[in-house]
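Here is a friendly walk through the fold you are about to see. Keep the model open beside the text as you read.

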Amino acid sequence: MNTTKIPARLTLSVVAACLVSFCGLLTETAVNVAFPTIMSDFQVTTKAVQWLTTGNLLVVAMITPLSAFLQKRFKLKSLFCFSTICFLAGTICAIFAPTFQILLLARLIQGVGTGVGVPIAFCIILEQIPFEKTGTYMGFGALVSAAAPALGPTYGGIITSVLGWRFIFVILIPVLIFTLVLGIVTIREIHEPQKAPIDMPGIALIMLTFFCLVFGFANIGSIATAPVTEIIFFAVGIAALILFVRHCMRSDHPLIQIDVFKNISFDCHLICFFLINAIMLGAAFLLPNYSQVVLTCTSMFAGLMLLPGAGLNAITGPFSGAVLDRIGAKLPIMTGTILMTAGIFLLMLFGHALTPAVIIGFYIIFGLGCGISFGNTMTVGMMRLPMEQKPYGNTAFNTLMQFAGAVGTSVSAACVAFSQNSAADISYEEKTAIGSTHGFIFLFALTLCCLLLQTAGFISYEKKGKAFSG
């Protein structure tokens, strides 16, 4: 039996880092539910209001790849304080925003705080938690990463309906103040910052890469009306990524060690982590939209329908991490991935005839599978790396987590919009049901890819003759 004791201070430092991540990730999906009200208040279009999420994702995706460099160059407590204060400032700005432009600026400031803050919890876990407890604590970190965006629609729907959209941010203020004090008291350093040289070409290239790719996916729904613009953004993003890889291979102090990606097992689990994120956020978009348009549910009820599945997703993470610590990664990860695949398959199969009860039931299966596989996939991927490469692995996982949000949500939204805008002589509600079904087909394809890659990751590791100690 594992009897390793973790000091309370260390546990609380993980809690503090997770709380700031939770606030950042929660608002990514909570604000989406308030779009109609915000459009009415500020008299802006749908295209404009979407920048509250798109702009936030762009900033987060551009900053997260710098996390390994920042953690090497600065103290963890300093980064934590900066991220929390930055997010707090953006939150206060959002509460009192007199114009849409100020609200957008507030969301960009929050994006800076989220981009710096999200990797900190995993850094503390990987550096300071004993190996035999890593799975459990990574499960807690996964709880935040999975539960926050999953609970966002429920939280945003209830708060907007009862109190108004500004209270989405008001309620976060006491949480952020508590988080800041807790982090200052509990976070400790285990190594001094290094005076690592600033890789300006690498920073410029990776920021350009994710700016173009996130922007491209976020606007993929307009590819039929503005194909040239979309092609340019994707082409520039891919070109910048190629140049970034070449630069890192030649640099003495790269932002990311490319050797990390020579580990096939790590690569498989990294891609699976990206896919699970994209699938979760895609489903979190499709189901509330289906519920409100096709089933004519209120935004509050549409959010509440997802609560049982989202709750299971959240609470399963730490328990499945503890299972990994005891019996290894393969059984829980494969079980979770199969359940996730089954949930999406059922939503796809009944896409034209979903009811509230059916959605709740299928989403519970899906949420349970995500909760079991999500955090464990990151845990086992990081365990495939030697200690000196873990900061770069952490950067890769957290960067793709943010990028996945743009891919999953945007492609799912494009599937629905394409059907809604078709010339078919059927009702808008039926068009939405058809488009949602197409979205579930896309997500089901991703789950199949995930299932195959999880299997390939374990086979690759086992072929090396290494025993995973769990």
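Two residues are in contact when they have heavy atoms within 4.5 Å of each other. By that rule, residues 24 or more positions apart supply 83% of the chain's contacts with a separation of 6 or more. This is a predicted model, where local features need pLDDT of at least 70, side-chain atom pairs count only at pLDDT 80 or more, and totals for chains, interfaces and linings use all residues. Residues are numbered from 1 along each chain as its sequence is written, and side-chain values use heavy atoms, without hydrogens and water.

Some values for the chain as a whole:

| Property | Value |
|---|---|
| Box filled by C-alpha atoms, along the principal axes | roughly 60 × 50 × 45 Å |
| Buried residues (under 20% relative accessible area, 1.4 Å probe, protein chains only) | 57% of 470 residues |

The chain has 19 helices and zero strands, taken as DSSP runs (H or I, at least four residues, for helices; E, at least two, for strands) numbered from the N terminus.

The axes of α1 (residues 8-33) and α7 (residues 100-128) come within 8 Å and cross at roughly 145 degrees; axes are lines fitted to C-alpha atoms over the stretch in contact, with angles from 0 to 180 degrees between N-to-C directions. Among the residues that meet are L10, V14 and E28 in α1 and R107, V118 and I125 in α7.

Lastly, find E230 in helix α12 (residues 227-250). E230 counts as buried because its relative accessibility is 2%. Beyond its neighbours within four places in sequence, E230 is in contact with F215, G216, N219, I220, S222 and I223.

Notes: Buried < 20%, exposed > 50% of the residue type's maximum accessible area, 1.4 Å probe, protein only.
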